[in-house]
Amino acid sequence: MAPVASEATRLEKKGHLSFWDKSYVEAAWHFVYPNTTGLDDPLLNPVMEPNLSKLGCKRVLVYVAEKDILRDRGWFSKEALEKNEWAGDVEVIGEDHVFNLFFPKEENALSLLKKLASFINGNGV
């Protein structure tokens, strides 16, 4: 899985390159899902799904944190869904990766939680 857009540059600037390199991500993914086909497994990289246009749901929630090192991957996934005639929205929050886990009581984290609950309950986003 090659970096998308500015991932490599942003990782180097943040000093995370040794942590987020391909071998780390691959090892972590194999730990999470031992039967994986690798980093281009559609479960990890939905863009690689050959039948993306036949996605078995009508709604997909893609959240992208503006300062997230994987931000461009989120946008890339959203664009791939749109190219396959998926009609959904992506929302950008000016936060960092997993901000809601580190600061769960902050306004943006609470807003994310409410929107996620609304989405799950079928009330839209």
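The reply below starts with the whole chain and then turns to the pocket.

Reply: This is a predicted model, in which local features need pLDDT of at least 70 and side-chain atom pairs count only at pLDDT 80 or more, while totals for chains, interfaces and linings use all residues. Residues are numbered from 1 along each chain as its sequence is written, and side-chain values use heavy atoms, with hydrogens and water left out.

The protein contains five helices and two strands, where helices (H or I, at least four residues) and strands (E, at least two) are DSSP runs numbered from the N terminus. Their order from the N terminus is α-α-β-α-β-α-α. Of the 125 residues, 26% are buried, a term that stands for under 20% relative accessible area, with a 1.4 Å probe and protein chains only.

The largest pocket holds about 690 Å³ of space. A pocket is an open set of points, on a 1 Å grid over the protein atoms alone, where a 1.4 Å probe fits, with protein on both sides within 12 Å along at least five of seven lines; lining residues have an atom within 4 Å of a point. Grid points are joined across faces, edges and corners, and the volume is the space filled by probe spheres set on the points.

The lining comprises 28 residues, and those nearest the centre are Val62, Tyr63, Val64, Leu70 and Gly74. By class, 19 lining residues are nonpolar, five polar and four charged; Ala, Val, Leu, Ile, Met, Phe, Trp, Tyr, Cys and Pro count as nonpolar, Asp, Glu, Lys and Arg as charged, and the others, Gly among them, as polar.

Strand S1 (62–65), helix H3 (71–83) and helix H4 (99–102) each supply at least two lining residues. H3 gives the most, with six. The 13 residues of H3 should span 18 Å at 1.5 Å a residue, and this agrees with the 19 Å between its end C-alpha atoms; the expected span is 1.5 Å times one less than the number of residues. Buried residues of H3 include Asp72, Arg73, Gly74 and Leu81. Just after H3, Glu85 has a positive phi of about 65°.

S1 and H4 also have a part in covering another helix, for they are among the elements over the buried residues of H5. Those buried residues are Ala109, Leu112, Ser118 and Phe119. H5 covers residues 107–120, and its 14 residues should span 20 Å, in agreement with end C-alpha atoms 20 Å apart. Gly122 follows H5 with a positive phi, near 80°.

Key. Buried < 20%, exposed > 50% of the residue type's maximum accessible area, 1.4 Å probe, protein only. Contact = heavy atoms within 4.5 Å.
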